[in-house]
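Keep the structure open as you read.

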Amino acid sequence: MDNKQILSRDEKITIIRNIVRDNPICMMATNLNKTPFSAYPMTTLDLVDKGDLIFFTSKKATPYKEIEKDNSVQLLYANTTKQEYLSVFAHATHIFDDILLDKLWTPAMDIWFDGKHDPDLVILSVSIVSANYWISENKTSGASGFINLQNHGDT
């Protein structure tokens, strides 16, 4: 069934949070106006209350350079075990926030970076504009819907 009811901003973010929490790996597409667009695997580290998804990236990485030119991104999540799918259109911004970095850093990230003080490490904040989701618990029930977070109202 389609999501026809009017959801509050918090309810919309909760839907996204629930899907992303169980499946933090996504493909981030950049260069959306180019064929083919570019896509990179990314790990979602957090979804902050205002609705931004948080990632780490390197200044040397191609996504960083592409977002500098055009900050429009598409994030694609899939959890085939739970039959949950999410497509997010968003605008990405590079931020520097030591408090957030300390909160999200884990030793496992040393594989990708030279520690949390790596001069090339940046936080990528992805502000959701809109999202489409599909949730199917079984063949006869499920939900799908469109979420617009660009309008900060409740519709």
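## A buried loop residue

Buried here means under 20% relative accessible area, exposed means over 50%, and partly exposed covers what lies in between. Keep in mind that this is a predicted model. Is Asn-23 buried or exposed? Its relative accessible area is 14%, so Asn-23 counts as buried.

What does Asn-23 touch? Leaving aside residues up to four places away in sequence, its contacts are Tyr-77, Ala-78 and Asn-79.

## The nonpolar cores

The largest nonpolar core has 25 residues, and the members that touch the most others are Met-28, Leu-53, Phe-55, Leu-75, Leu-86 and Val-126. Two or more residues come from each of these elements: helix 1 (9-22), strand 1 (25-30), strand 4 (52-58), strand 5 (72-79), strand 6 (84-95) and strand 7 (121-135). Apart from this core lies another one of 10 residues, including Ile-54, Leu-101, Leu-121 and Ile-123.

## Salt bridges

Side chains of opposite charge can pair when their charged atoms come close. How many salt bridges does a search of the whole structure find? The search finds five. One of them joins the side chains of Asp-22 and Lys-82, at 2.6 Å from N to O. This pair links distant parts of the chain, with Asp-22 in helix 1 and Lys-82 in the loop between strand 5 and strand 6, 60 residues apart. Both partners are partly exposed: Asp-22 has a relative accessible area of 32%, and Lys-82 has one of 41%.

A second example pairs Lys-103 with Asp-46, at 3.2 Å from N to O. Here too the link is between distant parts of the chain: Lys-103 belongs to helix 3 (residues 98-104) and Asp-46 to strand 3 (residues 46-47), 57 residues apart. Lys-103 is exposed, at 58% relative accessible area, whereas Asp-46 is buried, at 17%. In another bridge, the side chains of Asp-102 and Lys-116 meet at 2.8 Å, N to O. Asp-102 lies in helix 3 and Lys-116 in the loop between helix 3 and strand 7, so this bridge ties together parts that are 14 residues apart in sequence. Asp-102 is partly exposed at 44% relative accessibility, and Lys-116 is partly exposed at 27%.

## The largest pocket

The last stop is the largest pocket, with a volume of about 470 Å³. Its lining is made of 16 residues, and those nearest its centre are Pro-41, Thr-43, Phe-56, Trp-112 and Phe-113.

Which elements each supply at least two residues of this lining? They are strand 2 (38-43) and strand 4. Strand 2 gives the largest share, four residues. By class, the lining holds 12 nonpolar and four polar residues, with no charged ones.

Terms used
Residues numbered from 1 in each chain as written. Predicted model: local features only at pLDDT ≥ 70, side-chain atom pairs only at ≥ 80, totals over all residues. Heavy atoms only, no water. Core = buried A, V, L, I, M, F, W, Y, C linked by side-chain atoms within 4.5 Å. Buried < 20%, exposed > 50% of the residue type's maximum accessible area, 1.4 Å probe, protein only. Contact = heavy atoms within 4.5 Å. Salt bridge = Lys/Arg side-chain N within 4 Å of Asp/Glu carboxyl O. 1 Å grid on protein atoms, 1.4 Å probe; cavity = no way out; pocket = protein on both sides within 12 Å on 5 of 7 lines; lining within 4 Å. Points joined across faces, edges and corners; volume = space filled by probe spheres on them. Nonpolar A, V, L, I, M, F, W, Y, C, P; charged D, E, K, R; others polar.
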